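Here's a quick briefing to read with the model open beside you.

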Amino acid sequence: MHDVLVKLYVDALDVLQGGRLDGAIFGFDNAIVAGSAGMGTDRLVTAIRPGGTVTWALSSLECEAYVNIVDLALPAWMEVDHVRANGRDYWQARVIGEPVATTYDVTIEVGRYGRRRSEEHTSEFQSHLNLVC
């Protein structure tokens, strides 16, 4: 089994001021040895394997800002669950089919002092089996 944690950090104040997630989201995961790339950028490519799970966690760079994953649009070969634990939202998906390189969308709600907005961000999966070394 291959469990991957995708941690997304959002510059919420930049999103609220500029209105876009581009350049204001920074993705990391624990699958760099398996072939993930783009760590610390808004273009994270996460390497996954058949039978593995992926868990997403989201944090704001500013402690006074609110960020939340509202939705994940994942490929059909992934089964998704939304989990709320310890006052935080987490999304987890299990790879139930043969993964292929593909993009997926994360919809994030950002807010501060009563102001909220939702923005969509596109990330990418790369099948560990399809990596070229």
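Phe28 comes out partly exposed in this predicted model, with a relative accessible area of 35%. Its ring partner is Tyr9, which also counts as partly exposed, at 29% relative accessibility. What else is there in the way of aromatic pairs, salt bridges and core packing?

**Aromatic pairs**
- A search through the whole structure turns up 2 aromatic pairs.
- Tyr9 and Phe28 sit edge-to-face, with 6.0 Å centre to centre and 80° between the planes.
- That pair links distant parts of the chain: Tyr9 belongs to strand S1 and Phe28 to strand S2 (residues 25–29), 19 residues apart.
- Trp56 and Tyr104 make an edge-to-face pair too, because their ring centres are 5.7 Å apart and their planes stand at 70°.

**Around Leu74**
- You'll find Leu74 in the loop between S5 and strand S6 (78–85).
- Leu74 has a relative accessible area of 19%, so it counts as buried, the cut-off being under 20%.
- Leu74 and Tyr104 are 30 residues apart in sequence, yet C-alpha to C-alpha they are 5.3 Å apart in space.

**Nonpolar core**
- The largest nonpolar core has 32 residues, and Val10, Trp56, Leu72, Met78, Ile108 and Val110 have the most contacts inside it.
- Elements giving two or more residues to this core include helix H1 (12–18), strand S1 (3–10), strand S4 (53–60) and strand S8 (102–112).

**Salt bridges**
- There are 2 salt bridges in the structure.
- Arg20 pairs with Asp22, their closest N and O atoms being 2.1 Å apart.
- Arg20 counts as exposed at 51% relative accessibility, while Asp22 is partly exposed at 36%.
- Arg94 bridges to Glu79, with the closest N and O atoms 3.1 Å apart.
- Since Arg94 is in strand S7 and Glu79 in strand S6, this bridge ties together parts that are 15 residues apart in sequence.
- Arg94 is partly exposed at 39% relative accessibility, and Glu79 is partly exposed at 41%.

**Confidence**
- Average pLDDT for the chain is 83, and 83% of the residues score at least 70.
- Over residues 128–133, pLDDT stays under 50, and the model has 11 contacts beyond four places in sequence for them.

Key:
Residues numbered from 1 in each chain as written. Predicted model: local features only at pLDDT ≥ 70, side-chain atom pairs only at ≥ 80, totals over all residues. Heavy atoms only, no water. Core = buried A, V, L, I, M, F, W, Y, C linked by side-chain atoms within 4.5 Å. Buried < 20%, exposed > 50% of the residue type's maximum accessible area, 1.4 Å probe, protein only. Helix = DSSP H or I, 4+ residues; strand = E, 2+ residues; numbered from the N terminus. pLDDT = per-residue confidence, 0-100. Contact = heavy atoms within 4.5 Å. Phe/Tyr/Trp six-rings, centres within 6.5 Å; stacked < 30°, edge-to-face > 60°. Salt bridge = Lys/Arg side-chain N within 4 Å of Asp/Glu carboxyl O.
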